[in-house]
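Thanks for coming, everyone. Let me put the structure up, and then we'll walk through some charged pairs and the ligand.

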Amino acid sequence: MNRLIALTITASLCIAAKAADRDLPVYRDASRPLEERVEDALSRMTVQEKINIIHAQSKFSSRGVPRLGIPDLWCTDGPHGIRPEVLWDQWEQAAWSNDSCVAFPALTCLAATWNPDMSRLYGTSIGQEARYRGKDVLLGPGVNIYRTPLNGRNFEYMGEDPYLASRMVVPYIQGVQQNGVAVSVKHYALNNNEVNRHTTNVIVDDRTLHEIYLPAFKAAVKDGGAWTIMGSYNLYKDQHGCHNSYLLNDILKKEWGFDGAVVSDWGGVHDTDQAITNGLDLEFGTWTDGLHAGASNAYDNYFLAKPYLDRISKGQAGTDELDDKARRVLRLIFRTAMDYTKGEGEMCSEAHYDAARRIGDEGIVLLRNKKRVLPLRLDGPKKKILVVGENAIKMMTVGGGSSSLKVQREVSPLDGIRVAAGNTADVLYARGYVGDVTGEYNGVTTGQDLTDNRTPDELIAEAVALAAGADYVIFVGGLNKSAGQDCEDSDRRELGLPYGQDAVIEALARANRNLVVVNVSGNAVAMPWVDKVPAVIQAWFLGSEAGNSIADVLFGKVNPSGRLPMTFPVALADNSAHAAGAYPGLKRADSNIVDLEYKEGILVGYRWHDTRKIKPLFAFGHGLSYTDFTYGKVTADRREMTVADTITFTVPVTNSGAVAGAEVVQLYISDPKCSVSRPAKELKGFAKVFLQPGETRNVSISVGKDALCYFDADRHDWVAEPGEFIASVGAASDNIKSTFRFNLR
Ligand code: BGC
């Protein structure tokens with residue numbers, strides 16, 4: 001083509017485009033303020049169209065406004081990887097061949113990194129996977145507080161401490177949302193166990209609610225800027241979490257100024273009138289309980305569909321609430337599906353595997369390492385390593401409920417150990433015990449045949465015989481993702497390990513002095529054998545790179561730096577909820593509602609152990625390293641402060657060992673004299689520092705008034721009482737190195 005003609009055509013196209021720009025309706029013009037666009041779109045919509053966008057049209061999508069070119073909204077679980085596609089109206093996977101994902105470590109592991117940078121990396125990576133798959137809302141992360149080690153879903157949450165969960169959730173949210181994908185922070189609120197999850201009515205005092213169970217959600221909204229929040233299944237004040245006026249209207253929307261959309265949990269809506277008035281915006285999964293099938297193609301009959309429209313046409317309901325819901329959903333669509341500047345995302349990239357491995361590496365917790373059995377030394381003559389246990393070979397990314405995944409690859413612990421050992425060792429394997437040999441979720445199968453019909457005695461005898469001749473024995477056990485373990489919709493029944501694993505571990509400990517137990521779980525487990533086993537590692541559910549991360553730590557490629565985000569009690573009765581007899585609640589005589597009173601109040605996790613001086617098996621914040629850290633004395637920049645000030649504590653920390661490593665310096669605050677009873681101490685700051693051998697760093701942590709407050713229920717406000725406070729700086733809640741006393745005037 002002649003160059004002049006080409007230029008002329010280009011110029012006319014530009015003029016045409018400019019003209020088209022001028023005609024762009026306000027709601028489509030991304031350069032206009034979001035609120036103007038929302039109001040413009042709303043003003044063009046019919047009542048029916050508004051109704052259409054506030055409830056599902058399929059298992060995981062809701063409708064847009066086709067007439068206006070406003071697209072549908074697509075959701076996905078969450079929170080550890082992007083769920084495989086399901087059929088339009090069923091839970092069953094759609095059997096696509098291009099929807100395999102990277103499984104990132106479970107959120108307990110992320111919390112155990114105590115490293116907000118890992119959280120950002122996690123969010124950014126999973127957000128890119130969601131983006132690539134065309135998803136607008138990622139159903140996660142979860143921040144329900146770890147109240148009892150029996151809760152089947154603890155693995156999807158961030159531990160027992162509101163401050164730690166708050167710090168860790170914010171960068172995850174920002175990382176995801178920078179991809180034009182919304183998070184849905186769940187399950188708001190008080191969904192702290194799975195048994196009776198649809199019928200439990202939680203009774204908790206206001207102070208406990210605000211000090212323990214709400215802060216991570218508040219941080220998600222106010223600091224993270226979460227675009228959606230998912231309501232919970234349970235009840236509080238006799239109203240379900242998905243239409244709970246106090247939690248959604250009063251706290252979330254009015255007090256915290258949340259401008260996003262409240263999404264129901266799947267099957268969490270029960271009543272049209274409450275759904276209209278009590279703060280719900282977007283209804284999903286009605287007539288299912290989130291896991292099981294419901295009425296098919298019932299979308300027009302959703303509580304916020306025809307029944308709502310009927311009430312409006314009969315004048316029984318106004319349209320103010322409808323406009324508010326539609327506004328919030330439009331805001332969500334503009335931020336996600338209609339953000340045309342967002343990138344393409346990427347899926348199953350090496351960068352994502354690398355992120356999964358780094359997070360796993362940093363989250364693994366070295367619980368015990370007597371005689372420095374770890375890291376395993378492979379120098380000298382060729383070694384013999386025996387690996388025992390079902391969890392060394394079982395895929396853990398399938399199962400557990402809605403977080404179940406279809407992965408492109410998953411490295412088992414046994415494979416990870418084999419690859420890392422290379423030809424420096426012969427790696428043998430013995431099953432040791434048979435747990436659950438199944439491996440299927442919604443049509444996704446592991447493809448593993450784990451059948452083994454030998455008796456427990458035969459399995460132990462085989463393992464013991466091999467252990468006697470091995471240089472090292474690595475037992476890989478723990479829980480799995482089957483019902484009654486770390487799994488949605490049911491709780492564990494006991495703190496102990498299932499499938500007779502204690503007997504296997506005891507027998508191995510007798511057979512070989514160099515025994516390492518790798519516990520794969522999202523929950524604390526009892527360890528009656530702990531004194532007989534030199535090394536114990538808490539490995540969580542680590543996703544695609546599980547085996548590589550475990551091997552990295554076992555062989556010392558990575559120096560462990562994870563710290564427990566929850567207490568491991570010796571016995572169940574040592575946990576405050578169980579000590580108080582406050583689980584799983586009492587069924588009412590006249591209905592199926594189960595009242596569950598959180599009688600332990602604010603004394604959750606280490607707050608209880610510390611205050612009541614109950615020695616845990618492993619404390620909150622605990623985790624060892626292959627190097628040693630020595631602490632100097634903590635100092636501060638002031639001894640007196642007012643509520644307007646901040647105070648900065650500084651402590652010199654030295655890596656006094658031979659290898660590089662990271663220490664998590666933890667700051668706890670106590671208020672020894674207060675008009676209300678307070679926990680012995682509470683986490684109010686932490687910093688993870690990486691130190692070369694011999695290196696010293698001054699680690700500084702600043703806090704303001706917020707770190708000194710309790711929640712005064714009568715005033716409905718946070719109060720810091722003047723007087724003396726104590727800052728305790730240390731390496732774990734039970735390992736305080738030095739303290740500093742200061743005054744609030
Ligand atoms: C779970 C949610 C999940 C939803 C959709 C429910 O069973 O409680 O966490 O996001 O299903 O799968």
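Buried here means under 20% relative accessible area, exposed means over 50%, and partly exposed is in between, with a 1.4 Å probe and protein chains only.

Some ground rules. This is a predicted model, where local features need pLDDT of at least 70 and side-chain atom pairs count only at pLDDT 80 or more, while totals for chains, interfaces and linings use all residues. Residues are numbered from 1 along each chain as its sequence is written, and side-chain values use heavy atoms, with hydrogens and water left out.

Now, what does Glu 488 pair with? Its side chain meets that of Arg 197 in a salt bridge, 3.0 Å from N to O. The rule for a salt bridge is a side-chain nitrogen of Lys or Arg within 4 Å of a carboxyl oxygen of Asp or Glu. Glu 488 sits in the loop between β15 (472–478) and α16 (501–511), and Arg 197 in the loop between β4 (182–188) and β5 (200–203), so the pair ties together parts that are 291 residues apart in sequence. Those labels are DSSP runs, numbered from the N terminus: helices are H or I with at least four residues, strands are E with at least two. Arg 197 is buried too, at 2% relative accessibility.

How many salt bridges are there by this rule? The count is 47. Take Glu 462 and Arg 454, whose closest N and O atoms are 3.3 Å apart. Glu 462 is partly exposed, at 28%. Arg 454 is partly exposed as well, at 32%.

An N or O atom in the Asp 77 side chain is 2.5 Å from a ligand oxygen. For a polar side-chain atom of His 187, the distance is 2.7 Å. Gly 290 uses a polar backbone atom, at 3.3 Å.

Last point: taken alone, the ligand exposes 310 Å², and the protein buries 100% of that. These areas come from the Shrake-Rupley method with a 1.4 Å probe.

Methods
A polar contact is a pair of N or O atoms within 3.5 Å; within protein, one must be able to donate a hydrogen and the other to accept it, and residues adjacent in sequence count only if both atoms are side-chain atoms.
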